Every structure is written in C-alpha cells, then in structure tokens.
Amino acid sequence: MTDVLNNLDEIIMNYVPPPNKQAYYEQVWGLVRQIPFARVATYGQITQLILQPEDISSEDYKACASRWVGLAMAACPDNVPWHRVINSQGKISHRPEAGKQRELLEKEGLLFSNGKLDLDECQWRGPGQSDEPRQGRLF
C-alpha cells in the first residue's frame, strides 16, 4: 500500500521526480536560507533561481519544479525558514502547517489581507537584488 501511495503523483499527474532529489533539495534549502526576515518567495520563483537539472527536459522541469520545491520545504532541516515560501497568489498553500506558517510570518511583521500577502510589498527579489517595494504606497 505504501508503494502505491508513494507513486500516486506519478500515476495521476505524470509527475517526474528530480533526477537527484537530495542535491536538488539542498539547492532549494540553500536558497531559502537567504530569504531575509519579513520577506517571502514563491515556489515558482525558487525554481527560476535554481539551475534546471541537466537530466530533465525543460517541459518536465516547468511542470514539476514548483512541486519539488514544496516537497523540499516539507522535508527541510530545522535551520531552513520554510515559512517564507508561499504560492504565487501570495497565499499559504493548504496543508497542516498553514496556521503555523501564517503565525510565523505575522511575527515577522507581515500583514495578510483577505488571506494573502501583497507580493509587491514583501516578495524577496533574489540574491543580490534590492528588497525595496516595486511600487510605492499610495497612503
């Protein structure tokens, strides 16, 4: 039964696992450790900041990489600020830790409006990029 559950994604969604899962996860964790306090990144953003593995097609990478980042966050060591990775809508993805993730982000001073964060205000731009908001506040 466990084997069936482990392969469910592959069966249902044509899921392709990372060629070297541990190496990919470590790249993800290293990048996520760089996200500053009170900033967030999206799953898709993380995939764009990491080099695509050579052993996978661009099509498969584009289709699966955000899920790989999510799986890396679910398996991350304690020293990775997993709570700073959210979905592209600025929302926390549905999972058991969603309440804890929101609590941690709010403790960093991030404010949710209608269940989401304003990515223009709090999205990390990536290593070496300015963390200034893209658009100034009107009020």
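Arg84 is buried (under 20% relative accessible area, where exposed is over 50% and partly exposed lies in between, with a 1.4 Å probe and protein chains only), because its relative accessibility is 11%. This is a predicted model, in which local features need pLDDT of at least 70, side-chain atom pairs count only at pLDDT 80 or more, and totals for chains, interfaces and linings use all residues. Residues are numbered from 1 along each chain as its sequence is written, and side-chain values use heavy atoms, leaving out hydrogens and water.

Let us follow Arg84 to its partner. Its side chain meets that of Glu108 in a salt bridge, meaning a side-chain nitrogen of Lys or Arg within 4 Å of a carboxyl oxygen of Asp or Glu. Glu108 sits in the loop between helix H6 (98-107) and H7, and Arg84 in the loop between helix H5 (58-74) and strand E2 (85-86), so the pair ties together parts 24 residues apart in sequence. Helices (H or I, at least four residues) and strands (E, at least two) are DSSP runs, numbered from the N terminus. Glu108 is buried too, at 11% relative accessibility.

The whole structure holds three salt bridges:

| Pair | N to O distance |
|---|---|
| Glu108 and Arg84 | 2.9 Å |
| Arg102 and Glu106 | 2.9 Å |
| Glu103 and Lys107 | 3.4 Å |

Arg102 and Glu106 both lie in helix H6, four residues apart, about one turn of the helix. Glu103 and Lys107 also lie in helix H6, four residues apart. Lys107 is exposed, with a relative accessible area of 60%, whereas Glu103 is partly exposed at 36%.
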